[in-house]
Amino acid sequence: APYLNAAVTFAITAIELVNVFFGLKSMLGTVYMSNDSDMLLALPLKTVTIFLSKLAVCYIVEFFSTLVMLAATLLPLGIGLSAGAGYFAALIFGAFLIPLISLLAVAILSVPLLLVSNLFRNKGAVGTIIYVLLFGALMALYMWFVMSLNSGAGEAVGGADVDEMLGGILESISSAAAYLYPNVWLSGAFTAATFGGWIGNFALFLLSALVLLGLTVLLSGKIFLWNMRKSQENAGKGGKKTTYKFAGGNKISSLLAADFKNMLRTSSLGFYCLTQVVVIPVCVVIYCLALKDVGGEGEMQNLLSMVSRVMLVIMGPMTCVTAASSVSREGENFYLIKTLPVKPSQYALSKLIISLIFNGAAFALSVVFECIFVKIGIVVGLLDFLTVFCASAGVSAALVLIDMKNPRLKWTTVQQGLKNNPSSLWGMLVGFVAGGVLTVVVVLSALDGWTFVGQLVNLLLGAGMAAGGVAILLNNCEKYFYAVE
């Protein structure tokens, strides 16, 4: 029973950490950075009602992600152990309450970032860039805290054996999770031997969730109202229309400049597009810093190198959000663009290039960190960069075409127009398939010792994805460009 309790506590904590990582961006965009403040303030509604309704939107997203993770972890564990009715009852209630705990944590974590970012409100591009950098710093601090939970594992193992290292990491995280009392109480409900024990543990967990909800409403609710009012101060500043100057200049570069200015002029839009530049490097550098002292040679070093490279090839193609929103982010300005002397191919290429600029910056930083901390080697790092860059070019080209085929041009908030756009879902699916293909080659080549040959194979695959994606985009963009009504 103690081991089962520790395993359940660890699983619950891991799910919450994943929810916090991916929920912070959603929370900022949906609750604190939406563009509907002027409309909401005019409605006969209490601030707490508006705040809770926005929290409910974020909660629904985290609920479904929690449901998937529980189905992949605690559900098969209970089936394999032939657990009793109490276990599965706690699993059902936990599916609704686990995302609530992580959501409340995200709401509180967002407050300091919001307070600092308001110092740069209405500062245009400078404010947007600073906001994104602050987000990267906060995520780095959060991930450093998470990874530091297993800091003792590397010292205990000394790089002697892969199984011992992984076991030490799991034991260390489980020990740290024991201080997260709501999770301990919920895991106690999973493993309770009596009905009284189940009721007692679940009641304690529910009480802690209600207390956290109350604290969140008191703190974040007031911050939310203050932020809504603050957003209306000097709201007219920075509201310039996007302009396109073609006289004597290259049309593609003019489209690039206008698109870039349009993204940075609105903080919520710029935050949505630019965070891809910081998310991947932050994940890679924190991983490298956390495990660089594990040490070891041979099998151990190959494992650490392989995992860091897999992170890059998986996350790279899946985070092409700039391409997935290429046409939709224009909004109703797209109808104006159709009247300009611009070829559809030029417009499509400008959208592809700006996505590749952001992708290239993220991948370059990630590879530099891998070379410094994991010591993958300059040649290996360069080949990895070219591979992921080419693969992301193919994925980005496909996403530009998908969004051009069915753009969402009438929207008032980024959450409504871009995050909930089907193109975003397609972006994750296409990127996951591309990254999965590259990951198979990375893992097989690392395990069999033919890393260099495997990289050349991956580079050819990435180049093929890029060539195929760009060719499909250029051959079909004109049809979809003029079909948008």
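Modeller: Let's take helix α11, whose buried residues are I252, S254, L255, L256, A258, D259, N262, M263 and L264. Here "buried" means under 20% relative accessible area, "exposed" means over 50%, and "partly exposed" lies in between, with a 1.4 Å probe and protein chains only. Helices are DSSP runs of H or I with at least four residues, strands are runs of E with at least two, and both are numbered from the N terminus. Before going on, please keep in mind that this is a predicted model: local features need pLDDT of at least 70, side-chain atom pairs count only at pLDDT 80 or more, and totals for chains, interfaces and linings use all residues. Residues are numbered from 1 along each chain as its sequence is written, and side-chain values use heavy atoms, with hydrogens and water left out.

Helix α11 covers residues 251-265, and its end C-alpha atoms are 21 Å apart, which agrees with the 21 Å that its 15 residues should span at 1.5 Å a residue. The expected span is 1.5 Å times one less than the number of residues.

Now to D259, one of those buried residues. Side chains of opposite charge can pair when their charged atoms come close. The structure holds three salt bridges, each a side-chain nitrogen of Lys or Arg within 4 Å of a carboxyl oxygen of Asp or Glu. In one of them, the side chains of D259 and R329 meet at 2.7 Å, N to O. This pair links distant parts of the chain, with R329 in the loop between α14 and α15, 70 residues apart from D259 in helix α11. Both D259 and R329 are buried.

D259 also forms a salt bridge with K351, where the closest N and O atoms are 3.0 Å apart. K351 sits in helix α16 (residues 344-374), and this pair is 92 residues apart. K351 in turn meets the side chain of E330 in a salt bridge of 2.5 Å, N to O. E330 lies in the loop between α14 and α15, 21 residues apart from K351. Both K351 and E330 are buried. Through shared partners, the salt bridges join D259, R329, E330 and K351 into one network.

One more stop in that loop is S328, placed between α14 (321-324) and α15 (334-337). S328 counts as buried because its relative accessibility is 0%. Its side chain reaches the backbone nitrogen of R408 at 3.0 Å.

Definitions and conventions
A polar contact is a pair of N or O atoms within 3.5 Å; within protein, one must be able to donate a hydrogen and the other to accept it, and residues adjacent in sequence count only if both atoms are side-chain atoms.
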